[in-house]
Amino acid sequence: MAKPRLRVLFLLAYLLFAILPIYWMVNMSFRTNEEILSTFALWPQQFTWDNYKVIFTDPAWYSGYINSMIYVAMNTVLSIAVALPAAYAFSRYRFLGDKHVFFWLLTNRMTPPAVFLLPFFQLYTTLGLMDTHLAVALAHLVFNVPLAVWILEGFMSGIPREIDETAYIDGYSFPRFFLTIFMPLIKSGVGVAAFFCFMFSWVELLMARTLTSVDAKPIVATMTRTVSAAGMDWAVLAAAGTLTIVPGAIVIWFVRNYIAKGFAMGRV
Amino acid sequence: MKPVNQKAWFLILPVVICVAFSAILPLMTVVNYSVQDIISPERRVFVGTEWFKAVMRDEDLHAALWRQMVYSCSVLLIEIPLGIALALSMPAQGRRASLVLVLVAISLLIPWNVVGTIWQIYGRTDIGLLGAGLAWLGVDYSYTGSARDAWVTVLVMDIWHWTPLVALLCYAGLRSIPDAYYQAARIDGASRLAVFRYIQLPKLRGVLMIAVLLRFMDSFMIYTEPFVLTGGGPGNATTFLSQYLTQKAVGQFDLGPAAAFSLIYFLIILLLCFVLYNWMQRVGTSEKEASHG
């Protein structure tokens, strides 16, 4: 680019805009409620770890994180596993009703989650899955599978078909071709799709709250505890919010290479 | 042209089963509710299309729908160009790229109810950074008092929250453009603008389609953030469709009308996405043909 300085300036400006609300949350998490509500301060005046102590000593709080991680992991693995072959089929072949099925999949992302609540409640109660991690993981498939198929299809379509054909001529079986040749090529797509599945499942509140009560209660539902008759517990909520970022940040850190490198740097 | 192969159905079967299990059954239940008056679980009366007619005549709904359209269009018009620009200005590799990637993505990972709560404090003029900053600049700002300020705050919050989604998708798309394309452009002496217009933009078509549709449908269904931040107020300034729906379903326990509303709501999103989807596909293919010719 002709103006690299402008580019850096724009990036820094955006990052500032992105970071400030998060800084404010972290800032709040180290303060007491009285201080948050009474004084404007750029950094904590009476620094305290108490809000984090509340979360790490109360099983009701920290089990929320564990529950969320369990069903999010289940959901991400399931979504990617079923989406990979489907995305391959959509990107490589024409078949009866292909366009209709593809669009039908997308329509499932367009249904307001509130629409699903009551039917899901009845369905999972009938199946005896209420308050299990599996129930939430399955329910979240509704919006994650179409997204994963969609993202992966886009990346797969970018890979020339000649690669498949060459592999067949070289005598590769389909599974071997898929795992050893094709997967490395779409690594960045898998990285992005996995991250999005993780993210959407991690932050979803309505379904997760409806389908769980005690044993599988996710952190997003536990957080609503901070609203009580005595008023909001802003400080603990901020601490809990800060902690919800951590697993996601770790996931991005792991998939960052897949996102950043793409296949331009690699074999093709 | 892709080869025809009906066996490909076996590859998509797992997906179809998964999604059908969790989508078709619930949808049928909603259709079932929408044509009945549910007085109690045992007493139901078939009412036909009465709820649909009632919902269509609802003035408040028209207002909410209009607000929703304006809001979703604003979201798209700001977030898509901003996301592309951001993706273009992010470093391509190295440690700095990783750091920027994580920083950009963080806002996506905060649960939606927390986003609303944080901005509730963040926007307050007495104890929040944004509010205090604006007050310090001499701007008369109050997201609880002024309808315009509330609307703008919800929009800015959405931009803050969701632009990273567009940026990440575009960034991944940009990274998968083979170096050979750029080398060819360099040999041809193409300008930066030409590289963007004829190489990067067409290659981004796929991810941009995902970004536009995702942002459109998700902003059309926005619920938690404005609910927590403004509660739909002041007045009705930030009452969007799904909040109106929830008021109906939960507040008034009207399952029938709420179900009819859900279906109409779903059909509106479906129709708009269908139009957008086909339009973007056509733009993409005509572009491809033009570049081949």
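**Notebook: helix packing, chain contact, domains**

Entry 1. I began with two helices of chain B. From α3(B), the residues Gln68(B), Tyr71(B), Ser72(B), Val75(B), Leu76(B), Glu79(B), Ile80(B) and Gly83(B) meet Ala211(B), Val212(B), Arg215(B), Phe216(B), Ser219(B) and Phe220(B) of α10(B). I note here that the model is predicted.

I then looked up the class of these residues. The contact of α3(B) with α10(B) has eight nonpolar, four polar and two charged residues.

Next I checked the geometry. Helix α3 of chain B covers residues 59-89, and helix α10 of chain B covers residues 205-220. Their axes come within 9 Å. They cross at roughly 145°. I recorded the crossing of α3(B) and α10(B) as right-handed.

Entry 2. I turned to the contact between the chains. How many residues does the contact take from chain B and from chain A? Chain B gives 77 residues and chain A gives 83 residues.

I asked which helix gives the most to the side of chain B that touches chain A. Helix α1 of chain B, residues 8-34, does, with 15 residues. I also sorted that side of chain B by class. The residues there divide into 56 nonpolar, 16 polar and five charged.

Entry 3. I moved to the domains of chain A. Domain 1 of chain A runs over 1-48, and domain 2 of chain A over 58-261. The centres of domain 1 of chain A and domain 2 of chain A, taken over C-alpha atoms, are separated by 30 Å.

I looked up their contact next. Domain 1 of chain A puts in eight residues, and domain 2 of chain A puts in seven residues. On the side of domain 1 of chain A that touches domain 2 of chain A, α1 (4-29) and α2 (33-38) of chain A each supply at least two residues. I find that α1(A) gives the most to this side, with four residues. By class, the residues of this side of domain 1 of chain A divide into four nonpolar, three polar and one charged.

Entry 4. I finished with one residue, Leu185(A). I located Leu185(A) in helix α9 of chain A, residues 174-185. Is Leu185(A) buried or exposed? I have Leu185(A) down as buried, because it has 20 C-beta neighbours inside 10 Å. The cut-off for buried is 20 or more.

I also took a distance from Leu185(A) to Met156(A). These two residues are 29 residues apart along the chain. Their C-alpha atoms are separated by 8.5 Å.

Terms used
Residues are numbered from 1 along each chain as its sequence is written. Chains are lettered from A and ligands numbered from 1 in the order in which they are written. This is a predicted model: local features need pLDDT of at least 70, side-chain atom pairs count only at pLDDT 80 or more; totals for chains, interfaces and linings use all residues. Ala, Val, Leu, Ile, Met, Phe, Trp, Tyr, Cys and Pro count as nonpolar, Asp, Glu, Lys and Arg as charged, and the others, Gly among them, as polar. Domain bounds come from an automatic or database domain assignment. Axes are lines fitted to C-alpha atoms, for helices over the stretch in contact, and angles run from 0 to 180 degrees between N-to-C directions. A crossing is left-handed if the near helix is turned anticlockwise from the far one by less than a right angle, and right-handed if clockwise. A residue is buried if 20 or more other C-beta atoms lie within 10 Å of its own, exposed if 12 or fewer, and partly exposed in between; C-beta atoms are placed from the backbone.
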